[in-house]
Amino acid sequence: MTESDEKKGKILVLGVGNPILSDDGVGIHVARILKEKLIPGIEIDELPASGLELLDIVHGYERVIIVDSIKTDGGKPGELYELQEEDFQKTIHGSSPHGINIPTALAMGRKIIPEQMPKEILFFAIEAKDTLNVSEKLTPEVAAALPGIVEQILRKLT
Amino acid sequence: MAGPIINDIPVKTNEKKITIDPITRLEGHGKIVIFLDDAGNVENAYLQVPELRGFERFCIGRHVMELPVLTNRLCGVCPAAHHIASTKTLDAVFSATPTETAKKLRELFYMGQYMHSHIAHFYALAAPDFVLGPSSPWEKRNILGVVDAVGVPIGAEVIKHRSYGQKVQEIVGGRATHPVFGLPGGVSKQISEEERAQMETMAKSCIEFGKFTIKLFHDVVLGNKDYLGLVTNQDAYYLETYYMGMVDKDNKSNFYDGDIRVVDQGGKELIKFKPSQYLDVIAEHVEPWTYMKMPYLKQVGWKGFVAGASSGMFRVGPLGRINVCNGYTTPLAQKEYQVFKDTFKSLGVSGPVHHTLAYHWARVIELQHAAERMLELASDRGITSDDIRGPYNPPKEGIGICEAPRGTLIHHYASDKDGLCTKINMIVASTNNYAASNTSVKQAAKAMIKNGMISPGLLNKVEMAFRCYDPCHSCGTHSLNGGPALEVTIRRKDGSVLTKQRNF
């Protein structure tokens, strides 16, 4: 069985972030909690990077849910936003520590390997407070919001 | 395909301070602040970068064996470089000599990192300037615009070969992005014959892709007199500095192991040192306006942001490496090295190439070398041996150096008798280049902005002066939005904001 066959028709929840950079890693924290719940038919993975690495992981799946941190002007730490690919049109050229950001990587995939890309990609973005201090812990505000965030994502999955 | 747009029309500004924040296509966020005098000419320019805080505190007290995994978490761009530097540091900490098989596997893994990293830089970060032009519309000046210009099949080749680089790292290193295989005196994972054969096939394909990339560089950049004009523009993109990089015993460029060679502005060797001697060679200068330190050559001294023999500023990375070596051990890279040298010789350059934009050319030569070296190593059936771990001794202090794709990367740890980390110091590639990249920004800003006339294309040409260094200053943040692409804030002399322009 090829890698594509293994992924066909499946749903992937992908936690993205840096797990030693405080709230930057909140997506990874969420993924680890979801993994323990052993939800049938749902695969859970972690990606401590973004950019084109994302394509290596998401291609072949039917549906993908990406959980990541976000920083918005005036956002409340721990707040959860549900976003679609088209919500990122304005930042599609944006910078990231990986040369290109997640929306640009997905747009590359849609352009170059459209037949292998998931039919739907949803984003759960969690407002981060601290993404500069090296720590394995989330800030108290984001940590407090974590159970509610996991519940909301679970409702989407079941 | 339409020709690149190299120039646009500047408009007059009466402002005294221009901020480019965050910088587009810099790997890690930063901003440029340009100060204009009353006549609208550049008085000064600064490249400011944020820095992650608390990493040293985070590592102290942990077991040193954790550091190859923790240090590579610092960075989502070159984690493999941190993993290799850290593993080599553990060799020193535990007085361990890796087995021949382990050395080959580490280097093979590392060639995968070079493929991945140099492809990403050249096609995603540099190509928008060269294929589309520095003054092309901002909404097109990105990798998607490059694919539109060159066609989907070429874009697919880019994705495929970058992915091959990742795959080689995954096979050898256990994980593609944050590897886990490095141990003092060796590696943790033996590879199978099937895996070796798979990597050999991928390496062959990477060599062809390297040839294609060199040809593309020749066609698009060297074949365009306007670009050659930019590359050879000594007012904007030229610094006579010292250079630093790793070489083998024959002074051929080596990314994984060897001595560190420093040459002067004329190409004469200033010093060649072992990793353990780095503190005798490098000191660090601190400026009040940035978190990041600025390394310089101790024996020359810090003279500020100036080039020349009396200034200890040095450059690392592809241009540093190509200037300290006398070539490459692989035939195709060596052939292109000769073309590089001959081309600049025809322009009157006999020693090191000081043209900042030549970083890009050196990088594509290194891409070719990495592919060739990958094939050499993957073709060696001996790499499937189970002799992957050598003996080791009680821990102490140790230093390890490798060449990250962005330049010389230094790790230095001290351990107590139980293996717990008591001291950690790292000088990363972009820090080594910080003084020079800052000086390049100022030089380009002075050359591009005259009498208060600015335009998006001119500001992008200022960015090009440091983008070629492939800087990665603030390793590790991954937030989904990643920040806006380009924001220019124009301030009055008292610092208050008059207008703000955004290109998104």
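These legends accompany several close-up views of a predicted model. Local features need pLDDT of at least 70, side-chain atom pairs count only at pLDDT 80 or more, and totals for chains, interfaces and linings use all residues. Residues are numbered from 1 along each chain as its sequence is written, while chains are lettered from A and ligands numbered from 1 in the order in which they are written.

**View 1. The elements of chain A.** Let's start with chain A, which has five helices and five strands (DSSP runs numbered from the N terminus: H or I, at least four residues, for helices; E, at least two, for strands). Read from the N terminus, their order is α-β-α-β-α-β-β-α-β-α.

**View 2. Strand 3 of chain A and its neighbours.** Here, seven of the eight residues of strand 3 (residues 63-70) are buried, so the rest of the structure largely encloses this strand (buried: 20 or more other C-beta atoms within 10 Å of the residue's own, with C-beta atoms placed from the backbone). Strand 3 runs parallel to strand 1 (residues 11-16), joined by five bridges, and A:Val13 has A:Ile65 as its bridge partner. Strand 3 also runs parallel to strand 5 (residues 120-127), with eight bridges between them; look for A:Val64 and its partner A:Ile121.

**View 3. Helix 4 of chain B.** Now follow residues 100-132 of chain B, whose 31 buried residues out of 33 leave helix 4 mostly covered. Helix 4 bends by about 60° at B:Ala126, and B:Pro128 follows within four residues (the bend is the angle between axes fitted to the seven residues ending at a residue and the seven starting there). Just past this helix, B:Gly133 adopts a positive phi of about 105°.

Technical notes: Buried ≥ 20, exposed ≤ 12 C-beta atoms within 10 Å, placed from the backbone. Pairing = 2+ DSSP bridges.
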